[in-house]
Amino acid sequence: MRHSSPARFATLGRSGWRRLRRQGRALDLGHRLWITAIALAGSLLALTALVVGPSATAYRDSQDNLARVSRLGQVFEAANRLSAERGPANVAMSIPPGSDPAALARLAAFRAASDGALAALGGLDAAAGAAVSTLPYRFLSATASRLAEARQEVDRVAGLPAAERSLEDITGAIARMVAAVDTFQDAVAWEIREIGRADPSLAGPALVAHVVSDLREYGGRIGSALIPAVAVHRPLDIRQLADATQMRGRILELLRLLRGQAAFGHGQPLETLFGTVEATFAGRGLALIEATIAEGRGTGRYSLTADELTHRYVPTLKPVEALRDRYLAGMVEGFAAERDAMRRRLVAVACGAVVVLALLAFLLQSLNASVLRPLLSAREFVVALSRGEAPREGERPDGPARAAPAIRITGIRRLFDALAVLEERMRERARLMETLRRQAETDGLTGMSNRRGLALAMARVAAAPDAPAAALMIDLDGFKKVNDTLGHEAGDDLIRQAGARLAACIGRDGLVARMGGDEFAILLPGRGEPADAAAFAETILHSLSEPFAVEGQTIHLGASIGIAASPLHGPLTDELIACADMALYEAKRAGRHCHRVFAPSLRDATLAWTARQQELPRALAAGEFELYYQPQVALGDRRLIGAEALIRWRHPRLGLLAPGEFLAPLEASRLAAPVGRWVLRTACAQGAAWRRAGAPDLRVGVNLFSAQFHSASLVDEVRAALAESGLPGSALEIEITETIILQHDEALIAPLRALRDLGVGLAFDDFGTGYASLSLLKRFPLTRLKIDRSFVQGMEGSAQDRAIVQSVLTLGRSFGLAVIAEGIECETTAQRLRAEGCEEAQGYLFGRPMPAGAFADLLRADARRTA
């Protein structure tokens, strides 16, 4: 037997040990490659989630909105069924017992429909998705209980002989039916509120649908209020007349609100159906009701029986039901289309993500083969060199080791340096993104939150369940004048001081945000009661009324504050800020330096404002604006000496609108200046035509908008209007209000003097009603003062008003200014003014505002009288 020597065993041990070390390094390299591959795969999955996630969220939101709108339709359907049950109940109580089986069968069918609608709502809650809030059971149970009581009373009255039925029995049963409907209205209001909380974009359409549903409900109620009296041939008592009149007014108000909605406007799909509602229900149906009310005021002799009135009136409600159903169907169709679009988009994004994932997997494989493995081999090589070892690329078992290829150490170092630079740049980019995020949520002037920061804070508060909160909108009164007189740097300092005071008032109880300009907003979490927010508002008003020190001067400001509370006034979203903004403008209209709490009536006014403002471009393009002219006379001989041009709007649906119904939205829009130029040109052309027709001394007064005084071309526009019409400058009088003078002050002096150089007269309108000082009469080139109607009409009963009128007349004579009195409506006032020395006047006593044709007739009559 052959034995191995000890030297051979030693040689074999050393080579085996080297082989095990090489295998360990290879195993370590493989682990690192797998870890790298797993990390890249996780990054790819995260990237896919970021791409697909928003589309999936949008699809889920559209699916939830579709479910919410569908359930809203079922809730309105249940409300309609409950309301419609009053009709056959009225008929059953108006006919002798058992005389009309068909009527009783119809009542039973309507009751079954009501029960089915309520049962469907109960089953709907069990099938609703997690994103759709469950309709509280208390609403359904309370409605069912009230409905059962009402039906028992209806059956009792219907079972009485006709001679034994009293009006009180029938009206009592109908009142119970109405009470059941009112109980269910709590469920309707809850549903709309929940929809607004879930998605604020649905709140507006849901409220419009509620208005249409209310129109159907009040249409049914007014019929139910009259039919019992018709059934027993009794005149309407005072309470019934008052109820019927109130419901008729509510119906007309609802129709007016719907007319202002864009969904029923010109060119919209529902325009024809809404026109049918106005023709059928607002026309024939209300006319039938008004005739019945007129008959009920007398002896109670009605031309129709209760059954005939029901069968004539109820069909006029069908278009209202069709409008409600079609509007809700349109909402469902819209969200179904949105859901389908989101589904297609999700599929497309998912397919694209799969393709990108496959490409990235391919790139990963290439990266593994061409970059990562050589890079890690290079790292092992460098480590071996640093240890003083002789690295080998590999060793054959049956032969000598093969030398590894030479590697450029400098190139490897550059590679790692480049990776370090890349890492540092990524860190810099992360820091930059964080800085940009803070800047996007922070106001640069005050360091407080801005509008975006406020929205994020509201979202965080709203995420908590049952989180009440209040929002305050604050506007600094008098800031613009300070900014214009002391400069923008002083204005910025004033804004910072005001923000600091607001933050001190709130402390840690809320968040202060600057919305822009001199407007701030405050969020008060946990303050869901308006009274709590009002207490904060009083503290803020007191703090901001204290003087400010700016550039060595003492500045006095005030503030106007609007308050809205959640959930009372709306969800904690931009909708609540909009409610607080409406209350803020109400505080400004109330005289500033005060606070006001939001009320639903402000939303109706805002809807009307918005509807008018959206229609202004069409009105200007279609020539719907008209000028009416009010006579101005000499008090001595009642001779016509002038006409004031007053704008009117010939609305295609609402008829002739007075200035109070559209002037404020017009002045706040970008069309104020174009409309003002049209008024100026039209009035000058008309005045020139009248002067050529035989009134050579007639002057025309024109009211300009504030926006026209912002324009540097005011004088050129007046000069062009005079040249185009041929009207001499002395025949034109521009009326300027105290508000415009206070807004522009010194900037107005130069253009007004240029107008005086053209011969144009300048009348100070509504003199004495505001805060203008007497120095204005010296600084501005005025030619006439107009005594406000409030002083003129109060002369007979107020010594103070008489003293003001006498003072204005004295001022006019002292400054060499003509004076004209407005608002004269009786002969006694005219005689008193003449006795005081007033020479000119205008008012209803001499003529209301009238079209140009009617004013021309008045001119001819005046010419014949004075000839």
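Q: Which residues in helix 27 (residues 827-836) are buried?
A: In this predicted model, T829, A830 and L833 are the buried ones in helix 27.

Q: What covers the buried residues of helix 27?
A: The cover includes helix 25 (789-793), helix 26 (799-815) and strand 17 (818-821). After helix 27 comes G837, with a positive phi near 105°.

Q: How do you know that the reach of helix 21 (residues 714-725) is close to the expected one?
A: Helix 21 has 12 residues, and at 1.5 Å a residue a span of 16 Å is expected. The expected span is 1.5 Å times one less than the number of residues. From its first C-alpha to its last, helix 21 reaches 17 Å, so by this definition its span is close to the expected value.

Q: Which residues of helix 21 are buried?
A: They are L714, V715, E717, V718, A721, L722 and S725.

Q: Why can we say that the buried residues line one face of helix 21?
A: Seen down the axis, the buried residues of helix 21 fall within an arc of 165°, so they line one face.

Q: What do the buried residues of helix 21 pack against?
A: Their partners are helix 19 (672-692), helix 20 (706-710), strand 14 (732-737) and helix 23 (749-757). G726 follows helix 21 and has a positive phi, near 80°.

Q: What makes the nonpolar surface patch of about 290 Å²?
A: L419, L422 and M426 make it. Of these, L422 is found in helix 11 (residues 409-441). Residues in a patch need over 30% relative accessible area.

Q: How many helices and strands are there in the protein chain?
A: The protein chain has 28 helices and 18 strands. Of its 867 residues, 43% count as buried. The protein chain exposes about 43,300 Å², with carbon and sulfur atoms supplying 57% of that area.

Technical notes
Residues are numbered from 1 along each chain as its sequence is written. This is a predicted model: local features need pLDDT of at least 70, side-chain atom pairs count only at pLDDT 80 or more; totals for chains, interfaces and linings use all residues. Side-chain values use heavy atoms; hydrogens and water are left out. Helices (H or I, at least four residues) and strands (E, at least two) are DSSP runs, numbered from the N terminus. Buried means under 20% relative accessible area, exposed over 50%, partly exposed in between (1.4 Å probe, protein chains only). The arc is that of the directions from the helix axis to the C-beta atoms. Contact means heavy atoms within 4.5 Å. Patches are made of residues with over 30% relative accessible area and no salt bridge: like charges are joined within 9 Å, nonpolar side chains (Val, Leu, Ile, Met, Phe, Trp, Tyr) within 5 Å. Accessible areas come from the Shrake-Rupley method with a 1.4 Å probe; for residues, only the protein chains shown count as cover. A salt bridge is a side-chain nitrogen of Lys or Arg within 4 Å of a carboxyl oxygen of Asp or Glu.
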